[in-house]
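Trainee: I would like to go through one residue and its surroundings. Where do we start?

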Amino acid sequence: MRVSVLGLGYVGCVSAACLASLGHEVIGVDVNQVKVDLVNDGKAPVVEERIGELIAEVVRTGALRATRDVREAIMGSEVSLICVGTPSEPNGSLCTTYLERVTEEIGAAVAERGGRQTVVFRSTMLPGTCLNLLVPILEKYAGTAGVDFGVAVNPEFLREGTSVRDFFDPPKTVIGELDAASGDVVAALYEGLPGEVFRVPVPTAEAIKYADNAFHGLKIGFANELGAVCQALGVDSHQVMDVFLADRKLNISPAYLRPGFAFGGSCLPKDLRSLVYAAQRADVSVPILAHVLPSNADHLQRAVELVERTGKRKVGLFGLSFKPGTDDLRESPLVELAERLFGKGYDLKIYDANVSLSRLLGANREYIETRLPHLGQLLAESVDEVLEHAEVCLVGTKDPAVLSALPHGTGPMIVDLIRIPDADARRAEPGYVGLAW
């Protein structure tokens, strides 16, 4: 394929050289004449493992050349990869100036050339940037997106220092496609490379890059904070993490990594509190660990606000224990939710098949008597009793009896706290809202 790569920084330079080595005919574009001259001389404008030899080879064979002229590049290509920078503004917002500028130039050149061009954004940008900002710029010049030209978002997962290796052995390939034809073009670019290919809506592709980078930052911060606490307590932090990382069932796994309701129970909250307290006593700052519980509380508050927005006063709550298959109410987020709603004067009915006031014993009973002493008058005997009472139902359990009884499109509004199995279908129905989806 004939490919233009706009922006010859780390991402653009590596993308251009690697695509050329795969057999594509590549034109690199950059506003910096020094970078253009270096590439045309067969030299890399960035310091990166293997990139020097790669550029020398593909320039020698004629598979890669560079120019400052966007119009020239568009005229000589059928697919364009935009790899310009999206730095932070002083207030932390995303700077899209370079994206907008190059998109204007591409749109004008595509309109002049005619024929279908596929414009592929590799630059990191927030969800909505492509469809709400960049596509209208292209359409101002070149017609209708998805008809007269293609659009896709193709985030990169290249680590500086190992980016060439990452290009040829990617963890995944993400193609955010405006239409199937646009996605087909991007898929063809990387044909033969390993790793799973995900073809998703454009905003999803934009968000995936942020999910990855936020989690990478969180992992590093978590490990560093835990290391500092371990050191203060006289523990070998690397030994701790060696064992932590060996757990592929709960730790390095998909476990707990799905948006849902707040966590609770007799372990996580108290252990986070004691760890943060130990850090504070040792004068170790742990802002990530210290904000996990406040973050959890904020997520619970979102559920309260969803109920408030309905304007309804009769509320049903399905689920009360802190997790399925138990009657343990200690630090259950659903108990906290019930307490807040009851305290705000909502007419509340609760059903949990595992919770019976007469069977609660010991610390479990003591906890609920302290937090929700009116539980006896709030508990319903059946799912139907709650449904008949409620104008809005909060679903915090995957109990089959509850799920099968939930109405579709009529009856009480449904606030889904756990992403019930048919959530995707229900999202199109009136009266359904998901907590974080």
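Mentor: This is a predicted model, in which local features need pLDDT of at least 70, side-chain atom pairs count only at pLDDT 80 or more, and totals for chains, interfaces and linings use all residues. Residues are numbered from 1 along each chain as its sequence is written, and side-chain values use heavy atoms, with hydrogens and water left out.

Trainee: With which side chain does the side chain of Glu 331 make a polar contact?

Mentor: A polar contact is a pair of N or O atoms within 3.5 Å; within protein, one must be able to donate a hydrogen and the other to accept it, and residues adjacent in sequence count only if both atoms are side-chain atoms. For the side chain of Glu 331, the pair lies at 2.7 Å, and the partner is the side chain of Arg 273.

Trainee: Which residues does Glu 331 touch, not counting those up to four places away in sequence?

Mentor: Contact means heavy atoms within 4.5 Å. On that basis Glu 331 touches Gly 264, Gly 265, Pro 269, Lys 270, Arg 273 and Tyr 367.

Trainee: Is Glu 331 buried or exposed, or in between?

Mentor: Buried means under 20% relative accessible area, exposed over 50%, and partly exposed in between (1.4 Å probe, protein chains only). Glu 331 has 26% relative accessibility, so Glu 331 counts as partly exposed.

Trainee: What share of the residues of the chain count as buried?

Mentor: The same cut-off applies, under 20% relative accessible area. The chain has 437 residues, and the buried share is 46%.
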